[in-house]
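Subject: Structure handover and notes

Hi,

Here is the structure I promised to pass on.

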Amino acid sequence: MPLYARVSYVTSRPPADMRSISFGSFRAVRGNARRPGARGSSRHLEVLLARKRYVGGSTMTLVGRKEETTVLRRMFADVQCGRGGVLIVTGSAALGKTGMLHAAAEHALQSGARWLSATACSSEQLLPLGVMSQLLRSAPLDEPATRRAEQLLGEGAAADGPDDPEGRSARIHQGLCEVLLTLAAETPLVITVDDVHQADPASMRCLSHLTRRLRSARIMVVLSKQLEAEPDLTPYTDMSREPHVGHLGLRPLTESDVAALLGRRFDAAAARQLAPAVLAVSGGNPLLATVLADATGSARAGRTDRAPVPAEPVVDEMFRQAVLTCLRRGDARTGRVARALAVLDDAWSFDVLCRALDIDTLCAERAVRILEAAGLLVAGRFRHPAMRSAILDGMPGAERTRLHRRCARLLHDAGSPALDIARQLIGAGGAPAPEAVPVLREAAEQALAGDDAATAIRCLELAHRAALDNRQHVAVIADLARAELRVNLPAATRHLRSLLAPARDPHQRSAGVLAVIRRHLLWSVEERQAVEALRAPGPSGAGEDRQLAAERHLSRVWLGCTFPSLLKELPACPAEPPPDGSTPATIALNPELLAATLLSTALRDEDGKDVGADAEHILQNSALSDHTFEMLAFAILALFHSDRLDKAAVWCRSLQAQAVARRAPTWQAVFAALEAQIALRQGELSAAEEHARAALRLIPLRIWGPFGFLASSAVALACTAMGKDTEAADQLTGPLPETAFDSLYGLYHLHARGQHHFANNRLQAALGDFLACGELMTAWGVDVPTLVPWRSAAAEVLIQLGDRARARELLDEQLARPRANGPRLRGTTLRLLAATVELQRRPALLTEAVEELQSAHNPYELARALADLGDAHRALGAAGRARMVSRQAWNAARHCQAEPLLRRLKPTGGAEEVDRPLRVQAGPADIASLSSAERRVATLATLGYTNREISRKLHITVSTVEQHLTRVYRKLNVRHRTEIPSDLDLVVDSRRVGAERPVG
């Protein structure tokens, strides 16, 4: 039997035979009680031993109570010598008081004494002599003593009242004490009374009367009293002052005590390891500690493998029930305070607590001290969340609702934070009063700021149930849609649909509602209905307010860089940016408008020299939140479309980490999709696939809307380049929404589908997709190759079809387009342009393409350019140069896992060149030791340039080239340029990019 059964057995139901004997069945053996070996005496001992086993087994060992049991044994030794006494055991609920009483009884029984027990109860305080009745009616008395005791108990019940004749009660108490003294004259007697502070007044006077006559009697009285319980009884006070009355205070278990308790379930080392955690949860309460030990031991024993010792104890339903047991063992007022503390949680204060329960501060402080001593509280807070939830679940529904509402009013009057008030309203349930709605909305904002989206949504759902006018109702739905967007995109979309109709009503429309609809255009498949709401006219006969007009202007700019096909459906806005390209003050003061304007600039035929600086300014000065999330995504897209991929990648990683830390799956998915597109343009194919799949795991494409094409197209393009045709096709097949190609993000899908067609030799289908991209981009006015390089993609198809003239025309057009002069786009265009000229001119164009792509740090496009350059050298008969270049192409292709390109290079000898072991292999540290000038010379040498060609290209002397190569050979420990690592630039670039961090 576990320890908690020993120390609080009265909470369980005893066996039937024990109950019958405890309340009068000893009469059947009273005649034999004095005769040693008589049947009745044997039965008496048998029942008591059964009771002892039920209480705690054959060895009543209380953990951590060695000193206390020693006191009991010494006291009983004095009783056997004729010196009676009283011991009052004091402690908090479930701290082991009952266990100490039974320990005293067990020791006495083993020594041949008799044991009489009673348990006081608050519900029986109005029954005169109720405790004395329990004691005497279970005593093994002979017939005359039994009749005498019953007569006195009857008279005492009648005499206890206002009409009691003077001295009559005293004579009755005297008579009852004589019965007990007579019984003790034959055999030592142990009397235990549990919870004596709840005894009826008449029994207390009788016990006090008995106490004064114990100096020479063989009677030991052990009483248990609740900590800080102060019975309003003069007899108790008089009794406790007697010199032969001792006091024994029970303390909570220590860490070593808990370790000894755990030693029954675990080995010594495991018990010591787990003891601090069990002590922290239980507070040293024996009942709670034992339940934790049993649950943790059972959970570990149920494992078939060799499970390690858990770091934390198992908190199960038995623990919750044990918490309620602790409260039931305490007084009613302490239980009320515990329930109020559970309702208030962290918002409690003594002032609010006292006003909620209509008690004074002294009572509240006393109850808190009792709960802390019982191990339930520490510094006024529950030690474990399961304690609070158990108390709340154990409260009657009506009481809990009433207390929550009262606490909400008190916290509001006290000026407490809105979130504390809202938690009370949520706990109360039902529909709140309309005046509570502003508090709930404010609380939702506080919860979102603390990354507690679940609480924010509950606050707004409760506000939604209040009786509101139409405008307030729409505002609450808008808040709810914004909160849901962070964690539950489908729910947010449902709320958006419910806003479309009110947004068209001039009496319900507001700037906040239009802002929510505008932002949700990135996710919804109902773009046309949303645009109808955005273009709805203002109130009849009245001008729009400034906020609504500003939101209309922002919506127009926003729509221009997300759904340009729908832009014509919005009315013209007078607040257009000035034609000279300067940034007006209204844009500079509105970061959201600035981000949209920057993205629009990056997508159009405009000079974007200030786009990067302004976008980084937004990223540095705006914290990630529900209001800035889309704005920050637009700033990253502005960097992305201005071809500043390194900075975009750094900021995207930073915001992605913040989104993960703040438990916002929608944010995580968006930044992961952006990271995938950035990695794709940096030639890191496997990283692009990994980021894109992570985004699609967080938000499946079917519920994402047009913005999801960022992720699905990245997977398709990366898989196509790596030869994973099945995985690529999975992202490109399936029905598309009718409005899929109304947005810019549909272009990514078209481009990825065209590349997949091209990789599988479906050339006409690929050309159709690329030309469709061009038509849409031209019609929308966003024909920049940093969005989708449709001209170079179409030119590559035309080259395969044999139409080199048309391909060259498209490539020349692309070189002339804005934002096409970056190294990545220029290098890619030059690579394809080389295929349209005669063989002798190809090496020069391809070499220039290689140099551009090396500076762009794009291993995939670099591998393609090197492969073409190797083919050109081979066709011209320069076999040595071809082998060197092909080896470098092989390494670059292997770095980005481009399997189709590796298969193309294999017949050229590239694989053999790579697999052939070199005499010395240079490491990354050796390569990093090269200066920039040495690295340029070494890179050109690996491409097959002679020393004289390198000198002309770098505008240095041949002698300088030779000196640089000599130092390169020494640092890399090689003897010839053919031994220089072909992935030289890749190694250096990976070290450089990994060191970048965002500024600010």
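Below are my notes on aromatic pairs, a helix packing and one leucine.

First, some housekeeping. This is a predicted model, where local features need pLDDT of at least 70 and side-chain atom pairs count only at pLDDT 80 or more, while totals for chains, interfaces and linings use all residues. Residues are numbered from 1 along each chain as its sequence is written, and side-chain values use heavy atoms, with hydrogens and water left out.

**Aromatic pairs**

Searching the whole structure gives 6 aromatic pairs. Rings of Phe, Tyr and Trp (its six-membered ring) pair if their centres lie within 6.5 Å; planes under 30 degrees apart are stacked, over 60 edge-to-face, and the rest tilted. Trp558 and Phe634 form a tilted pair, because their ring centres are 4.4 Å apart and their planes meet at 35°. This pair links distant parts of the chain, 76 residues apart: Trp558 is in helix H27 (residues 546-560) and Phe634 in helix H31 (residues 629-641). Helices here are DSSP runs (H or I, at least four residues), numbered from the N terminus. Both Trp558 and Phe634 are buried, meaning under 20% relative accessible area, with exposed over 50% and partly exposed in between (1.4 Å probe, protein chains only).

Phe629 and Phe671 make an edge-to-face pair, with 5.8 Å between centres and 85° between planes. Phe629 lies in H31 and Phe671 in helix H33 (residues 665-681), so the pair ties together parts 42 residues apart in sequence. Phe629 is buried at 2% relative accessible area, and Phe671 is buried at 0%. Together with Trp667, Phe629 and Phe671 form one aromatic cluster.

**Around Trp558**

Arg518 lies over the face of Trp558, 4.5 Å from the ring centre (the rule: NZ of Lys or CZ of Arg within 6 Å of the ring centre and within 35 degrees of the ring normal). Both residues also belong to the contact between helices H25 and H27, where contact means heavy atoms within 4.5 Å. Among the other residues there are Leu514 of H25 and Leu554 of H27.

**Leu833**

Is Leu833 buried or exposed? Leu833 is buried, with a relative accessible area of 7%, and lies in helix H42 (residues 823-834). Not counting residues up to four places away in sequence, Leu833 touches Arg808, Leu811, Asp812, Leu815 and Leu845.

Best wishes

Conventions
Helix = DSSP H or I, 4+ residues; strand = E, 2+ residues; numbered from the N terminus.
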